Amino acid sequence: MALNWIWIAFFLIAFVIAVVHLIATGDAGIFQEMMDSTFSSAKTGFEISIGLTGVLSLWLGIMKIGEKGGLVNALARMLSPVFRRLFPDLPKNDPVYGSIFMNLAANMLGLDNAATPMGLKAMERMQELNAKKDTASNPMIMFLVLNTSGLTIIPVSILVYRAQMGAAQPADVFLPILIATFFSTMVGLLATALIQHIRFDKVLILFLGGMSLAVALIIWGFMSLPPVRIGTLSTSVANVLLFVVIIGFILSGIFARVNVYEAFVEGAKDGFTTAVRIIPYMIATLVGIGVFRASGAMDALTDGIAWIVDKCGIDSSFVPALPTAFMKPLSGGGARGLMIDAMTTYGADSFVGRLACLFQGSTDTTFYILAVYFGSVGIRNTRYSVLCGLLADFAGILTAIFMAYLFFGV
């Protein structure tokens, strides 16, 4: 229901803004821009969905090898003490734990294309266990919130964009992004756990404490490196780990005497059907976002916030970067474009340019993930998943602003 009203609000707000513009200026051109946006967004939604086919086929094929080779089950057994507590409604040692782990691991490395098919595989299994097929289960919501909070240890793509835009030290945003995304994830996880009445015993406390310590050690380790080496090392580590995962799955198939090629093809066949199921949900989401942007509603929102911030006597230097923060929960591609626009307009090494990068890396595309993951299994009632996802986003935005002032000043 939440997505239903949010989608309706995109159009209604856009219409009101356009009517006000027409009355004030007499220019009806904004309606042409909005209609153009609907067509271009629908085309983009279709192209993105079809474009996922190859990646989905690749990783679903790799996952099938891991399933038949027993590696996914081994991961499930290893992670079950923690995941049984975060996902208490899932069966003990279920293979879905392996898919969940692989999805979260790919997200941590900033490998979105690798994470999506693994996440869809996890959602399909959770839907099989779901008693109400049109309503999100508690495990689904916890999984979605962990995805939308966007925990990223190595933001490879952002570092590449900063290098392309001429940043003197492309990796100078690495540490603040890591801190911001960590806080976003912790807030999302704790909020969902509170609503689901998950008990925090010593296993969960040790896990979360260990995760916090690991992030602290990563921060300390990278702070000891010269800035020019951070970007190269981050990219290399991500690529090596990704290929190690592929080799590990293939070796598991070999040791289990599985026909690896046939297992891959069997899993890859699901890539096309999954991509086709996503198309209507993707188009619906992107068209709503496109109309909202074309109407000028996003600009009006930003200008209003700047006015309020100024009236409160607070420094408003961060406001020009806010469109990236507002767009990120709605569209990863849109937020990426706004981030690049901020670096182009203000400079890659400007306060606004860097903060836009922090916004891009601190959370994930909440509504996109909800549309794709829930849409792939036919979930309509998302319950409180939007609320918890947006709480995580809000925590990431606030932390990103604080980190920008702390690391870069004004």
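Q: Leaving aside neighbours within four places in sequence, which residues is S137 in contact with?
A: S137 is in contact with N130 and R383, where contact means heavy atoms within 4.5 Å. This is a predicted model, so local features need pLDDT of at least 70, side-chain atom pairs count only at pLDDT 80 or more, and totals for chains, interfaces and linings use all residues. Residues are numbered from 1 along each chain as its sequence is written, and side-chain values use heavy atoms, with hydrogens and water left out.

Q: Where is S137 found?
A: In the loop between α5 (112-128) and α6 (138-148). Helices are DSSP runs of H or I with at least four residues, strands are runs of E with at least two, and both are numbered from the N terminus.

Q: Is S137 buried or exposed?
A: S137 is buried, with a relative accessible area of 14%. Buried means under 20% relative accessible area, exposed over 50%, and partly exposed in between, using a 1.4 Å probe and protein chains only.

Q: Switching to the largest nonpolar core, which residues touch the most other members?
A: F87 and L355, out of 97 residues in that core. Such a core is a set of buried Ala, Val, Leu, Ile, Met, Phe, Trp, Tyr and Cys residues joined through side-chain atoms within 4.5 Å. Helix α8 (residues 174-195) gives the largest share of this core, 11 residues.

Q: And what is L355 in contact with, leaving aside neighbours within four places in sequence?
A: F318, A321, A400, I401 and A404. There is also a second, separate core of 13 residues, with M63, M102, I246 and V258 among them.

Q: How many aromatic pairs are there?
A: The structure holds 9. Rings of Phe, Tyr and Trp (its six-membered ring) pair if their centres lie within 6.5 Å; planes under 30 degrees apart count as stacked, over 60 as edge-to-face, and the rest as tilted. F10 and F292 form a tilted pair, 5.5 Å centre to centre with 55 degrees between the planes.

Q: Which helices do F10 and F292 lie in?
A: F10 lies in α1 (residues 2-25) and F292 in α11 (residues 260-294), so the pair ties together parts that are 282 residues apart in sequence. Both F10 and F292 are buried.

Q: What about F83 and Y97?
A: They form a stacked pair, 5.9 Å centre to centre and 20 degrees between the planes. Ring pairs link F83, F87 and Y97 into a cluster.

Q: Last one: how many residues of α16 are buried?
A: In helix α16 (residues 366-376), 11 of its 11 residues are buried. G378 follows α16 and has a positive phi, near 75 degrees.
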